[in-house]
Amino acid sequence: MAEMAHPSPEHGHESHVPELVHQFETVEQQREAGTLGMWLFLATEVLFFGGMFCSYLIYRSLHPQAFEIGSHLLEVKFGATNTAVLICSSLSMAMAIYSAQTGKSKKTVILFLVITILLGLAFIGVKLYFEWYHDYLEHIVPGFGFQYRREWGSNGPMVQMFMVFYFAMTGVHALHMVVGVGILTALIIMAARDRFSPQYYAPLDISGLYWHFVDIIWIFLFPLLYLVGGRYMSGGR
Amino acid sequence: MSEHIVPVKVYIGVWAGLLVLTGLTTGAAYIDLGVFNTVVALAIAVAKMTLVVLFFMHVKYTPGIPRIVMVAAVFWLAIMMSLMLADELTRHWTPVAHSWGAGVLLPLLPHVLR
């Protein structure tokens with residue numbers, strides 16, 4: 001054992017980073033492994049959401065008129081607002097990581113994480129109250145008193161199908177947001193316990209990847225559900 | 001390397017760019033572009049995704065295996081989408097004989113279920 005080729009990691013130059021676990025040589029290597037793991041998870045998420053996007057695409061191509069009517073039941077102003085809210089939350093997430101990387105005080109890191117959480121909750125709030133609750137009042141939630149309207153004509157069932165896609169896709173997306181808020185809460189607790197330093201901020205980095213990914217999903221959901229096909233017809237709100 | 005620290009200026013720039021693109025895609029929906037409404041909306045979405053992936057998700061500064069995983073994810077997605085659409089969009093090209101349809105099996109159903 002005396003002629004071991006590599007220096008013992010615990011007593012190497014990274015000895016000031018207690019978070020370095022023994023199977024890794026350096027903090028750098030540990031962080032890269034973590035990044036790779038998160039990207040692998042995100043690859044499965046791409047296919048998970050991809051399946052829904054794909055079936056949406058097929059139904060839309062088969063019933064373009066009904067999906068246009070359904071799309072016009074949604075309010076662009078809330079979709080656009082929520083897009084902006086998520087983009088801002090992505091910026092504050094990036095700034096939280098930047099603050100940890102550059103050794104800013106833990107207060108700064110926590111501040112940015114709290115802003116990110118609040119923006120995330122604002123997104124969920126707008127969805128729940130201004131969109132889903134009002135959809136319920138308007139009887140356009142499938143399974144909860146959905147009512148066909150006369151002006152839809154024979155498109156009724158497929159308008160309902162559009163709303164099924166809308167609630168399934170935005171619902172799963174919102175679920176990811178809720179999980180993200182939970183992750184951010186854990187990060188705030190870790191930051192408060194002085195767990196992060198310019199040498200060790202992998203949990204922030206990896207959670208950031210997840211948060212930005214959820215943002216990207218919304219970047220596609222917004223045009224596909226609210227905008228595709230255009231809003232210039234009189235039917236738009 | 002992943003050590004690379006992205007300057008705040010870049011983050012702010014990307015953020016502003018994303019907001020401008022959101023405004024653009026929303027505005028474009030209210031102009032009659034025919035089929036190009038869809039094309040423009042998706043092109044802007046892809047542009048926004050690229051900005052987020054390259055800068056917020058640090059892929060511009062993360063070489064190596066994570067990039068391969070990312071390309072693989074997009075590739076798998078392309079396989080799934082193209083094969084599903086290839087089936088769904090070309091079904092009516094070939095007429096199906098009546099006797100091949102599922103309808104011919106329906107009278108048998110009560111016997112199977114009994």
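**View 1. The domains of chain B in the predicted model.** In this predicted model, chain B is divided into domain 1 (1-62) and domain 2 (63-93), the bounds being those of an automatic or database domain assignment. The centres of domain 1 of chain B and domain 2 of chain B, taken over C-alpha atoms, are separated by 22 Å. Chain B holds 4 helices and 0 strands, where helices (H or I, at least four residues) and strands (E, at least two) are DSSP runs numbered from the N terminus. Of its 114 residues, 18% count as buried, a residue being buried if 20 or more other C-beta atoms lie within 10 Å of its own, exposed if 12 or fewer, and partly exposed in between, with C-beta atoms placed from the backbone. Among the contacts in chain B with a separation of 6 or more, 53% join residues 24 or more positions apart, and two residues are in contact if their C-beta atoms, placed from the backbone, lie within 7 Å. Residues are numbered from 1 along each chain as its sequence is written, while chains are lettered from A and ligands numbered from 1 in the order in which they are written. Because the model is predicted, local features need pLDDT of at least 70 and side-chain atom pairs count only at pLDDT 80 or more, whereas totals for chains, interfaces and linings use all residues.

**View 2. The helices and overall dimensions of chain A.** The secondary structure of chain A comprises 6 helices and 0 strands, and its C-alpha trace spans about 85 × 35 × 30 Å along the principal axes. Buried residues make up 39% of chain A, and residues 24 or more positions apart supply 75% of its contacts with a separation of 6 or more.

**View 3. Two loop residues with positive phi.** His139(A), which is not a glycine, has a positive phi near 60° and is placed in the loop between helix H4 (106-137) and helix H5 (156-192) of chain A. His139(A) is exposed, with 12 other C-beta atoms within 10 Å. Asp194(A), also not a glycine, has a positive phi of about 60° and sits in the loop between H5 and helix H6 (202-227) of chain A. Asp194(A) is exposed, having 8 other C-beta atoms within 10 Å.

**View 4. The surroundings of Gln101(A).** Gln101(A) belongs to helix H3 (residues 76-101) of chain A, and Gln101(A) is buried, with 20 other C-beta atoms within 10 Å. Leaving aside residues up to four places away in sequence, Gln101(A) touches Pro198(A), Tyr201(A) and Ile5(B). Gly79(A) is 22 residues from Gln101(A) in sequence and 33 Å from Gln101(A) in space, C-alpha to C-alpha.
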